Amino acid sequence: MTVVPAATGGNPPSKLSVVLGAQWGDEGKGKLVDLLAQSADVCARCQGGNNAGHTIVVDGVKYAFHLLPSGLISPDCTSILGNGVVIHLPAFFDELANLESQGLNCEGRILVSDRAHLVFDFHQIVDGIKETELGRGSIGTTKKGIGPAYSSKASRSGIRVHHLYDGDDFEQRLRCIVANRFKRYGRFDYDVEAELARYRELAARLKPMVVDSVTFMHSALAQGKNVLVEGANAIMLDIDFGTYPFVTSSNTGIGGVLTGLGVPPQTVGKVLGVVKAYTSRVGEGPFPTELFDADGAALQDVGREYGVTTGRKRRCGWLDMVMLRYSHYLNGYTSLNLTKLDVLDGFKEIKVAVAYRFQGKELPSFPASLTVLGGVEVEYKTFPGWLTDLSACRSYDELPTNAKNYVQFIEEFLGVPIEYIGVGPGRDAMIHRVV
């Protein structure tokens, strides 16, 4: 197990910079994390599992991240999976091998919390069974076992990383939890003996990477290191605040950062919300601004809206300011990254949702009830498009007036400055404004 050095004096304590998805995910968080990680000492994941998907393009090379932090692309950045992450070790090592085959040297730069829970193949099998049980009410899970792993955690029957090294405890726990799943779901095809043998090998490979993540995080902050937190999924998939039950199984907002890394609120500095210039989502559930016409198809095609993890085509619609205002209530963004603004280049008109009405009355905020959400009438504000290729723009002043008006409206509606504007998939296709 890796030994974490004690905190040393000499540098003032640093603050976390946090990158969070502000919609239903797939906003392009990985690209901003990659940009910020170039000057970061530590990049941390705080929740979720290998159901997340970030794509980063560097010098024409496309890197796909699912479980590992995107900060691994930066050669001087150490990445860590916090206690709030659920880890499927075979997927962990496969992803690591894929990244290293593309030329990334990850040796000594990826750490894993000893308090993180493990995802096993039986969790993935159960994930599929549960979706079948739900039938028409299925959630649209990625079937990566994330939900069942968090269920094991909540029911206090889960297996954590440190259990791999606690003598016979791991074997006893695995046999017990599998026996209980057989009682609940029937005897599905699962070889416990083979799994035990596989995990003895995986545990040996993992051991040099295992740390007390709480001590590690506080030591890094005390030493004044630049610490970046990469949120997975997005706030509208939060288990408490998202469109429940069509959500993920963890807290995807700022609260998940605190509990998923073991840090107090006062350590949080910048909170950067990542907002796509339109809206997309994968999976089921109400989507008030969803488009089923040629505009929706254009957003899918031009925006290359296909899931990194699943390959599923994403549902697309206009930007939803009602949702984003609610998102800001929950996360308290200090600034925003508006991504994929260039995808709107070919639209003569662009609409933005500014209010919801239900049974003739304007709703004060984003509703909890999916019955209400599914029945709202959306009030739109229409903007003239810019019909200009933004991909070569590298400063705010280079944007056409209509694009600037679109950006400024979002800022004024939310009361949050837009610090970064994405105008293409490449690492350099980003406008940085001083705010």
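**A first walk through the chain**

Hi everyone, let's start with the overall build. For 435 residues, a compact globule would have a radius of gyration near 22 Å, and this chain has 22 Å, so the two agree. Please keep in mind that this is a predicted model. Along its principal axes, the C-alpha trace spans about 65 × 55 × 40 Å. As for secondary structure, you'll find twelve helices and 20 strands.

How much of the chain is buried? Of the 435 residues, 56% count as buried. The accessible surface comes to about 17,800 Å², and carbon and sulfur atoms hold 51% of that. On the charge side, there are 44 positive and 48 negative side chains, with the centres of the two sets 4 Å apart.

The contacts say something about the fold, too. If we take contacts between residues at least 6 apart in sequence, 76% of them join residues at least 24 apart.

Now let's go inside. The largest nonpolar core has 76 residues, and those with the most contacts inside it include Leu 16, Met 217, Val 257 and Ile 421. Which helix gives the most to this core? That is helix 12, residues 401-414, with six residues. Apart from this core lies another one, of 44 residues, with Leu 67, Phe 122, Val 161 and Ala 203 among them.

Let me stay with Ile 421 for a moment. Setting aside residues up to four places away in sequence, Ile 421 touches a group that includes Leu 338, Leu 341, Tyr 396, Val 407, Met 430 and Arg 433. Of those partners, Leu 341 is also listed with the most contacts inside the largest core.

Next, helix 1, which covers residues 29-37. Eight of its nine residues are buried, so helix 1 is largely enclosed by the rest of the structure.

My last stop is Gly 262, in the loop between helix 8 (254-261) and strand 11 (268-276). For a sense of distance, Gly 262 and Lys 183 are 79 residues apart in sequence and 35 Å apart in space, C-alpha to C-alpha.

How values were computed. Residues are numbered from 1 along each chain as its sequence is written. This is a predicted model: local features need pLDDT of at least 70, side-chain atom pairs count only at pLDDT 80 or more; totals for chains, interfaces and linings use all residues. Side-chain values use heavy atoms; hydrogens and water are left out. A nonpolar core is a set of buried Ala, Val, Leu, Ile, Met, Phe, Trp, Tyr and Cys residues joined through side-chain atoms within 4.5 Å. Buried means under 20% relative accessible area, exposed over 50%, partly exposed in between (1.4 Å probe, protein chains only). Helices (H or I, at least four residues) and strands (E, at least two) are DSSP runs, numbered from the N terminus. Contact means heavy atoms within 4.5 Å. The radius of gyration is taken over C-alpha atoms; the globule rule is 2.2 Å times the number of residues to the power 0.38. Accessible areas come from the Shrake-Rupley method with a 1.4 Å probe; for residues, only the protein chains shown count as cover. Lys and Arg count as positive and Asp and Glu as negative; His and the chain ends are not counted. The place of a charge is taken as NZ of Lys, CZ of Arg, CG of Asp or CD of Glu.
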